[in-house]
Amino acid sequence: MSQNLKKLSETLVKKAKDLGATAAEAMAAENQALSIEVKNQKLEKIENSKTLNLGIRVFFDYKSACVSISSANEKALDEMVLRAIAMAKEATPDEFSLPANNDQILKSFNTKNLDLYDETHENQNFEKLKELTLEMENAALESKGVTQCEGAGFGSNYSNFHFSTSNGFSNGYKKTSFQLFCSAIAGTGQSMERDYASEGRTYFHDLPDAVSIGQLAATRAVAKMHPQRPLTGSYPVLFDQRISNSLIGHLMSAINGASIARGSSWLLNNMGEKVLSDNLTLSEDPTRSRISGSRPFDSEGLPTTKKNFIEKGLLKKYILDLRSARKLKLKPLGNAYRSLSSTPQPGAGNLELSPGSDTSEDLIKNMKNGLLVTSLIGSTINQNTGDYSRGANGFWVENGEVVFPVNECTIAGNLKEMLLNIIAANDGKTYLSKVIPSLLVKNMIVAGG
């Protein structure tokens, strides 16, 4: 990390103000990424990259525009600011799209409390990382039933970010992330099945053992051999912890302030009403230590805070950035996200759904006959009505026991009805940004054979 990002972002803001902009925001981000993949016990790919990206958003009263570049050259900076100003002058006025007021921005913070940067692993030993991926692939290949490994790999990313605005905000922070992944194939010819395992952490030494990841990928692939199609009917459906976040993701989309402001949500006009089971609370905590979704401020400079979006089943808060909050006449919550070339949008990072009292195994026993879903394919979601339909793979359950793998089936229902009747397990993984346990939907249409 070599660039002075604070200076770059503040320089961009000053250039825009000097050229007559009412207000300006600038971001500077530097990333260094390493990717290693092995296949057939040989090095398949290695990529090492370092990038610098700059973005600016300029305002002329109620008009604004965004531009980004990947060069710190002085001439390029001038051209970017001039282009952004020219675009802003031609933009359509938007009375809700304005920067934060001075009394809204974060005044001070301490990133040490978030512990997002692994300084102990800045000098990566390529040979050791290569051996790590080879061990992972070998563990998968040595597992009974596995015929080949589609690939195993390691990835790391070091990022440095700074955000400056013309109202006096200028802050940034650094983050690291590390990942191990493995994909295994079981069977041969027309009877091959594939599955994977991956784990990511903020600190390198928090990663689990590479051998365990290879073995898990193999176990999952072998378990999918000789799949069948279930009989069409109405059954309980258990969303495995691996994919239960997708179900909550549809809920988050429905309470997103931008969707509510547009009137395109199946939870429109449901504030204060029941949207989940009585015992469930859905919260966000951006202050969790060593978690990828943690951050001290949002992309508009507002402080991030702990909050309950849904409390004991009742909808309490929408996900709001400044624009959606103004449009809905509500208080902003520090939930703005953006890329360097786009305007802010509402979003949420570290989510947690309160756990139930049963294990996922208990839920399987209690569901008697039904479907355990471990992967989803495609989707048809009606954002206005909540009608839900997705392709699914997983395992069929009879008399409380898993009896055979399932593929080529479709599950369907209505999200509003589904979420009102879900039962949560207690298997949410606390090291993830989104701690969502396995979720049992009491009744859905399963379309199979």
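Q: How many cavities of 30 Å³ or more does the structure hold?
A: A cavity is space where a probe fits but cannot get out. This predicted model holds one cavity of 30 Å³ or more. About 30 Å³ of space lies in the largest cavity.

Q: Which residues line the largest cavity?
A: Its lining includes Glu284, Pro286, Gly293, Arg295 and Thr304. Lys307, Gly334, Asn335 and Tyr337 line the cavity too.

Q: Which residues touch the most other members of the largest nonpolar core?
A: Read a core as buried nonpolar residues joined through side-chain atoms. Here the largest core has 48 residues, and Phe239, Tyr388 and Ile411 touch the most other members. Helix 5, residues 244–254, gives the most to this core, with five residues. A second, separate core has 27 residues, among them Leu129, Ala152, Phe154 and Ala221.

Q: What is Ile411 in contact with, leaving aside its neighbours within four places in sequence?
A: Its contacts include Val237, Phe239, Leu371, Val373, Leu376 and Tyr388. Ser389, Arg390 and Ala392 are also in contact with Ile411.

Q: Which charged end sits over the ring of Tyr203?
A: Here one checks the distance to the ring centre and the angle to the ring normal. The charged end of Arg290 sits over the Tyr203 ring, 3.6 Å from its centre. Arg242 lies over the face of Tyr196, at 5.1 Å from the ring centre.

Q: Where is Asn40 found, and what is its phi?
A: Asn40 is found in the loop between strand 1 (23–39) and strand 2 (42–60). Its phi is positive, about 55°, although Asn40 is not a glycine. Asn40 counts as exposed because its relative accessibility is 55%, and exposed means over 50%.

Q: Is Asn269 buried or exposed?
A: Asn269 is exposed, at 64% relative accessibility. Asn269 lies in the loop between helix 6 (257–262) and strand 8. Its phi is also positive, near 65°.

How values were computed: Residues are numbered from 1 along each chain as its sequence is written. This is a predicted model: local features need pLDDT of at least 70, side-chain atom pairs count only at pLDDT 80 or more; totals for chains, interfaces and linings use all residues. Side-chain values use heavy atoms; hydrogens and water are left out. A nonpolar core is a set of buried Ala, Val, Leu, Ile, Met, Phe, Trp, Tyr and Cys residues joined through side-chain atoms within 4.5 Å. Buried means under 20% relative accessible area, exposed over 50%, partly exposed in between (1.4 Å probe, protein chains only). Helices (H or I, at least four residues) and strands (E, at least two) are DSSP runs, numbered from the N terminus. Contact means heavy atoms within 4.5 Å. A charge sits over a ring if NZ of Lys or CZ of Arg is within 6 Å of the ring centre and within 35 degrees of the ring normal. On a 1 Å grid over the protein atoms alone, a cavity is a set of points where a 1.4 Å probe fits but cannot get out, and a pocket is an open set with protein on both sides within 12 Å along at least five of seven lines; lining residues have an atom within 4 Å of a point. Grid points are joined across faces, edges and corners, and a volume is the space filled by probe spheres set on the points.
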